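Please keep the structure open while you read.

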Amino acid sequence: HPIHRRDYRPPEFLIDHVELRFDLDPDRTRVEASLEVRRNPAATRGDGTLRLHGEQLDLEEVAIDGHRLAPAEYRVEPDSLTLQRVPDRFRLDTRVRIHPNLNTALEGLYQSGDMLCTQCEAEGFRRITYFLDRPDVMARYRTTLIADKGRFPVLLSNGNRVEERELVDGRHLVSWEDPFPKPSYLFALIAGDLSAIEDRFTTASGRDVVLQIFVEPHNLDRCDHAMQSLKKAMRWDEERFGREYDLDVYMIVAVSHFNMGAMENKGLNVFNDKFVLARADTATDEDFQGIEGVIAHEYFHNWSGNRITCRDWFQLSLKEGFTVYRDQEFSADVGSRGVKRVADVRLLQAHQFPEDSSPMAHPVRPDSYFEINNFYTATVYNKGAELVRMQATLLGPELFRKATDLYFTRHDGQAVTTDDFVRCMEDVSGRDLMQFRRWYSQAGTPHLHIEAAYDAERATYSLLIRQAIAPTPGEPDKDPLHLPLAIALLDPQGRELALRLEGEPNAGEPGTRILELRDWETRLCFVDVPVRPVPSLLRGFSAPVQPRFDYGDDDLLLLLRHDSDGYSRWNAARILMQRVLSTMIADPEAEVPGRFVEAFRGALTDPETDKALLAEVLTLPSESFLGDQMETVDVDGIHRARNTLREILGERLVEELLSVYRDNADVERYAPTPDAIGRRALKNLALGYLMAAGDARALTLCRAQFAGAGNMTDAIAALRLLVDHGGEDGTSALEAFHRRWSKEPLVIDKWFSVQATSSRAGTLGIVTGLLQHPDFSLRNPNRVRSLVGAFCTANPARFHARDGGGYRFLADRVLELDPLNPQIAARLLKALIRWRRYDAGRQALMRTEIERILAAEELSSDTFEVASKALEDT
Ligand code: ARG
Ligand code: ZN
């Protein structure tokens, strides 16, 4: 049965204090919990029944105020422990047994390699002990960990260490106390043989904080970047949001088995090691940037998530949307703002827009779910971040900062809603954001159809802007949204005009103007416009919408050359590329227009622009993006056209590409600075076009780059190209790469991914074969993502092979994985959810596989929800 947001009731009981005692053992861990329970004065009084969450717990003992209960005095069900007629205030003691080494779902307490670790968000704590496992129950925790000292010398939990001593039989005990009340999903413990790098940070008010990153000893030499990122993030949050850290110690632990990216447990973040470990020779630029972003994200959660948390899981975007916004702004400030914005928009369009038009479309604040783990989505995270960004735009920087200050003080220590967040925006600005709130409750991506007319005689430029939002499951009728539309008008030389709307006394400075739309239809008229301008629309991607404007090719070339807004330049390039490609998709014989090649040449040799932005601008739209723009996805046509265009550009621009390659082939020491990252990106992009064209000099360069690369970015770029275009060279490069990196799991993930995403015709066979490779395991989520996930989501031409082999492969993996790790199984299955976008033949094949999954016995609620929603009538 689904859970509905409208059914929310405050908890009838609260838990003020929790004392936990763990006797840790991978086979059999004993958990004793002592809870201080009392009635919630703010809740309606029930009959005194207390129902605690608990799953997969072997209950051994229950006592109220020290009196052991007889089995007849409580009821145990698979997901709960119920006590009747409890007092208004009492102590509840329970003792349970759990089995970390059998926990393949990686939720609750589990074994990862030789260590024990936890993941409690969203509802994993109930697999550790009986509890009111919901975020609006906030308690103070004292946690005692007991384990064999030889095997588990390091024992960590939230807060400050308050006790440490040796026990008999080589065991030891460590106690931790967290002074801040927190919901159970923020609980964490770690036991292992770990080493740490340590640093210190002095907060703005002069508090001294110890910073520690714990890893397996052999990984100690790859924690520096994470530590530097953490210190940057701490300083930035003080300066930009006035937020200081609040405990004496901040710990990060890297684990190799982890379902998601990382987790913000109070004072003890647990990370997928992919987002901690980096050394120039093992991690790519993208990895370095990912680490900086995720370290910052989890740190920022200390305020946006931990000090102030969510009332219920429907409010997930309260913490995730806001925290993603915060990490995006951090990365923009410490790197290049324009490039970061393009990357964020690309991500939103690649993941959130498709989700928003799929059978799993949901509002940023969903109304119902079967399984909350299915709702850690691009909509909740990335569209949620866009909603915060729009509010920042509507208020302006000063008021927005006042509003976040108000939010952090008003709600400190509380579990609140997205509505409470918006109310802070309203209260400081005096603005009415009632209509804006629809962004939280309504699913679907709005389309903005924009038409313009220039009247030379009257010197006016008028715009007609229409919103349209297609129905989504359960929401047939939509309402218009309130949104900021950032716009500039460029003259034929590409200079920004000063703008004056009809009725305004005078024109402002030349530059961007924020217009606010509220209605299905908006008409605007700019006056004193001396020439027919080219509009630069939705600058900075000011709202998460799909704009449609009938630009002439010349207009787009002007934007591409002159627009000061990075998003707009990138978008202009992409529309141009898409136009060329759609002609080629429709007609395999179509010529590539000469002026398109010239524009590409112009951008390639542009000395002024940031190289990272140029690399974004010159990257062809992905096959998935192109498919998203079509009525019915033409899998093979897209693949063919895109390859042909790459080849043609590589041939026609061979000299320019070679000199871009040479000019950016760094010999200096590796550094993940924005400038160096940009140069490598551009260089490897150039090499890609050259290799696509089959250029002999390129093959020589590529071989040399692979053999001599001093960093993983260059090594993997060359490997990828050798595998796709180098024939025998690809095979031997793969062997050499595996030999060199066989002891490095994160690098071996890349080795799997390169093969899974290769455009080679036999890729499915190779991927199927790799399932049997000794390095492959269904029990490690990173490995599953690197092979199965990569094939199904990043290789459309092979995954969507006409014979349905890719679909069958995916369904087989989902069925194998579901009993082991439902979260990962359900996530993989999402690759089939948009089956209706394909031709009838593929539709039938996909449908068959989804039905086969649904027919399986004992499907997890995660996989069941995705499969059944995929087939629901729309
Ligand atoms: N709160 C974490 C983050 O975004 C994500 C954890 C999600 N875990 C899950 N099992 N759904 O930083
Ligand atoms: Zn988060």
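How much of residues 226-439 is helix and how much is strand, and how far apart are the end C-alpha atoms? The model is predicted. In that model, the span is 55% helix and 9% strand. Its end C-alpha atoms lie 35 Å apart. An unreviewed UniProt entry annotates residues 226-439 as "domain: Peptidase M1 membrane alanine aminopeptidase".

The table sets out both spans.

| Residues | Helix | Strand | End C-alpha distance |
|---|---|---|---|
| 226-439 | 55% helix | 9% strand | 35 Å |
| 444-546 | 0% helix | 41% strand | 11 Å |

**The five-stranded sheet**

Five strands form an open sheet in the order S17-S18-S19-S21-S20. The pairing is mixed. Strands S17 (195-202) and S20 sit at the edges, each pairing on one side only. S17 and strand S18 (residues 208-215) run antiparallel and are joined by eight bridges. Asp199 has Leu211 in S18 as its bridge partner. Helix H1 (residues 224-241) lies across S17, S18 and strand S19 (249-255). The helix runs at about 25 degrees to S17.

**The ligand shell**

Ligand 1 is surrounded by 13 residues. The closest are Glu121, Met260, Met263, Asn373 and Tyr376. Two elements give two or more residues to this shell: strand S20 (262-263) and helix H2 (285-300). S20 is also an edge strand of the sheet.

How values were computed:
Residues are numbered from 1 along each chain as its sequence is written. Chains are lettered from A and ligands numbered from 1 in the order in which they are written. This is a predicted model: local features need pLDDT of at least 70, side-chain atom pairs count only at pLDDT 80 or more; totals for chains, interfaces and linings use all residues. Helices (H or I, at least four residues) and strands (E, at least two) are DSSP runs, numbered from the N terminus. UniProt positions are given in the numbering used here, feature names are shortened, and annotations may be inferred rather than shown by experiment. A residue is near a molecule or strand if its C-beta atom, placed from the backbone, lies within 6 Å of it. Two strands pair if DSSP finds at least two bridges between them. Two residues are in contact if their C-beta atoms, placed from the backbone, lie within 7 Å. Axes are lines fitted to C-alpha atoms, for helices over the stretch in contact, and angles run from 0 to 180 degrees between N-to-C directions.
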